[in-house]
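The following exercises concern a single protein chain. Please study the sequence and the structure before reading the worked solutions.

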Amino acid sequence: MTHIIDLIFFSIFDKGAAFRLGTAPHLDFTRMADTYGDVFSIKIGTRLVVVLNRHKIIREALMKKAAVFAGRPDLYTFSIASGGGGGMTFVDYSPKQQALRKLTQNAIHKYLTTQEMLEKNIQAECKRLLEYFKKQQGKPFEPRDIFKMATSNIILGILFGTNFSYDNKELQTLLHNADDFKECLSVGNQIDFMPWLSMFTNSCFVKLSRLFKIFRELINKLFLENKLTYVDGKTRNFADTLIKAHMDNKRIAQTENTKYELRDNDLLWTLADLFGAAMDTSAVTLTFALGYLLKYPVYQAEIQAEIDSLLDHKEAIKTEQVEKLHFLQAFLYEIFRITSIVPTSLPHSTTADTTLVGYHIPKGTVILPNLWSVHHDPNVWKDPHLFNPRRFLDEKNQVIDTNTLAGFMPFSLGRRMCPGYKLGILQICMFLSALLQRFNFTQDGLDAKFKILDLTPEYGVSMKPSTFYLNVHERNEE
């Protein structure tokens with residue numbers, strides 16, 4: 001797919017220049033910053049787009065001027081992805097969007113404190129995943145699809161308490177269409193910036209419409225089942241937590257006479273936002289993780305030694321034990337850094353006229369924070385092109401608090417930062433620890449045609465590795 005077509009003219013603020021971007025805009029943006037500075041503008045169709053590079057500038061925009069840079073542009077694909085304006089991810093910044101986000105953050109916080117229920121969901125899925133991996137021994141195995149199933153199942157379990165089998169046709173159909181979603185939402189989609197192109201080609205519109213019909217039907221069915229059986233004061237899953245928070249918020253709203261009302265449709269699309277984000281990024285991260293374990297077997301052995309020192313061979317990891325796996329966490333943070341899974345974040349927009357490092361930026365300007373440039377900045381990271389988990393460990397081999405690292409922002413920043421990132425990190429760590437406790441992963445014994453391992457990320461709204469294969473070996477129980 002062409003991400004940004006030839007009809008684009010770049011006006012580097014007051015410096016005229018013509019460029020054509022390739023299929024990895026985050027790399028082009030970084031190279032352009034070397035010539036035109038860390039903040040420059042692009043004219044895509046009729047829309048003014050400003051690209052932000054380097055951590056200080058992105059932090060100034062998304063943190064110091066958070067409200068001004070918290071908008072979402074009115075893109076064609078965003079309208080479809082939000083069901084015409086529902087949820088909190090693809091809609092513009094507003095009191096209603098802020099209320100939904102606060103509601104979600106509070107619900108996530110409360111859910112994370114109910115560790116017994118969370119742990120039960122994750123451990124059950126880990127057990128099923130282990131059995132699946134065991135059956136793959138002795139043959140070339142490509143893990144991406146099963147990670148999509150497992151992470152989808154676990155987030156649906158967390159959201160609604162459901163439990164799908166890996167051969168469930170309804171879930172398989174949804175995941176089969178999910179790659180279209182990532183393709184159509186990638187930066188520079190023609191129809192977003194030149195809607196008149198839909199008169200000549202509407203393939204993205206058709207793909208997104210098909211996906212969200214399937215998507216909404218599934219989420220709506222699960223939400224209605226959950227709501228009909230909801231009992232006040234009893235929390236079975238995240239949807240219950242959100243419904244309870246919504247009811248409390250509704251009572252408060254009636255006394256405060258707010259100008260908006262949160263409806264079931266808002267909760268429905270918020271749950272859909274959480275499912276879509278968690279399913280995609282978690283599955284991609286786990287796939288990258290196995291790829292880097294194949295490439296660096298010494299790290300695989302080190303993580304396994306850490307796990308073995310904490311757990312015996314039969315013991316399932318508990319949620320509170322994850323924080324003791326310092327090297328595993330450091331390994332995961334390095335995956336986030338070097339891959340920059342969402343390289344340019346979802347596009348922001350300005351909610352008012354503003355200035356940034358001396359430049360005037362009008363209201364309604366599309367803003368692209370180039371997170372990839374931050375994570376590969378040699379002024380911030382030593383040898384940023386090298387994969388080195390130890391950069392996230394201190395002198396005592398304790399994992400560093402990433403909040404203290406100015407150049408680390410894989411989940412973005414400010415009022416559009418991913419609200420469920422802590423939950424995502426927890427489940428990924430538990431999946432990896434369960435797999436590495438039980439198995440070794442190599443490419444030993446595979447035919448030459450299956451030994452290709454290219455971890456260069458393929459560009460999309462989220463990055464993904466090229467297809468690779470591995471061999472699963474069950475570890476000696478002794």
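**Exercise 1: The position of Tyr 333**

Tyr 333 has a relative accessibility of 10% and therefore counts as buried (buried means under 20% relative accessible area, exposed over 50%, and partly exposed in between, with a 1.4 Å probe and protein chains only). The model is a predicted one, in which local features need pLDDT of at least 70 and side-chain atom pairs count only at pLDDT 80 or more, while totals for chains, interfaces and linings use all residues. Residues are numbered from 1 along each chain as its sequence is written, and side-chain values use heavy atoms, with hydrogens and water left out.

Task: determine in which helix Tyr 333 lies and with which residues Tyr 333 is in contact, leaving aside its neighbours within four places in sequence.

Solution.
Step 1. Tyr 333 belongs to helix 13; helices (H or I, at least four residues) and strands (E, at least two) are DSSP runs, numbered from the N terminus.
Step 2. Apart from neighbours within four places in sequence, Tyr 333 is in contact with Phe 392, Val 399, Ile 400, Thr 402, Phe 408 and Ile 425, where contact means heavy atoms within 4.5 Å.
Step 3. The C-alpha atoms of Tyr 333 and Arg 391 are 9.4 Å apart, although 58 residues separate the two along the chain.

**Exercise 2: Helix 13 and helix 15**

Task: describe how helix 13 and helix 15 cross, and classify the residues of their contact.

Solution.
Step 1. Helix 13 covers residues 326-339 and helix 15 covers residues 421-438; their axes come within 11 Å and cross at roughly 120 degrees. Axes are lines fitted to C-alpha atoms, for helices over the stretch in contact, and angles run from 0 to 180 degrees between N-to-C directions.
Step 2. Helix 13 contributes Leu 328, Gln 329, Leu 332, Tyr 333 and Phe 336 to the contact, and helix 15 contributes Ile 425, Ile 428, Cys 429, Leu 432 and Ser 433.
Step 3. These residues divide into eight nonpolar, two polar and no charged (Ala, Val, Leu, Ile, Met, Phe, Trp, Tyr, Cys and Pro count as nonpolar, Asp, Glu, Lys and Arg as charged, and the others, Gly among them, as polar).

**Exercise 3: Helix 12 and helix 13**

Task: state at what angle the axes of helix 12 and helix 13 cross, and which residues meet.

Solution.
Step 1. The axes of helix 12 (residues 297-310) and helix 13 come within 8 Å and cross at roughly 140 degrees.
Step 2. Helix 12 is therefore oblique to helix 13, since angles under 35 degrees count as roughly parallel, over 145 as roughly antiparallel, 65 to 115 as roughly perpendicular and the rest as oblique.
Step 3. Tyr 299, Glu 302, Ile 303 and Glu 306 of helix 12 meet His 326, Phe 327, Leu 328 and Phe 331 of helix 13.
Step 4. By class, this contact has five nonpolar, one polar and two charged residues.

**Exercise 4: His 326 and Asn 397**

Task: decide whether His 326 counts as buried or exposed, and examine Asn 397, one of its contacts.

Solution.
Step 1. His 326 counts as buried because its relative accessibility is 17%.
Step 2. Leaving aside neighbours within four places in sequence, His 326 is in contact with Glu 306, Leu 393, Asn 397, Gln 398 and Val 399.
Step 3. Asn 397 is located in the loop between helix 14 (371-375) and helix 15.
Step 4. With 47% relative accessibility, Asn 397 counts as partly exposed.
Step 5. Asn 397 is not a glycine, yet its phi is positive, at about 60 degrees.
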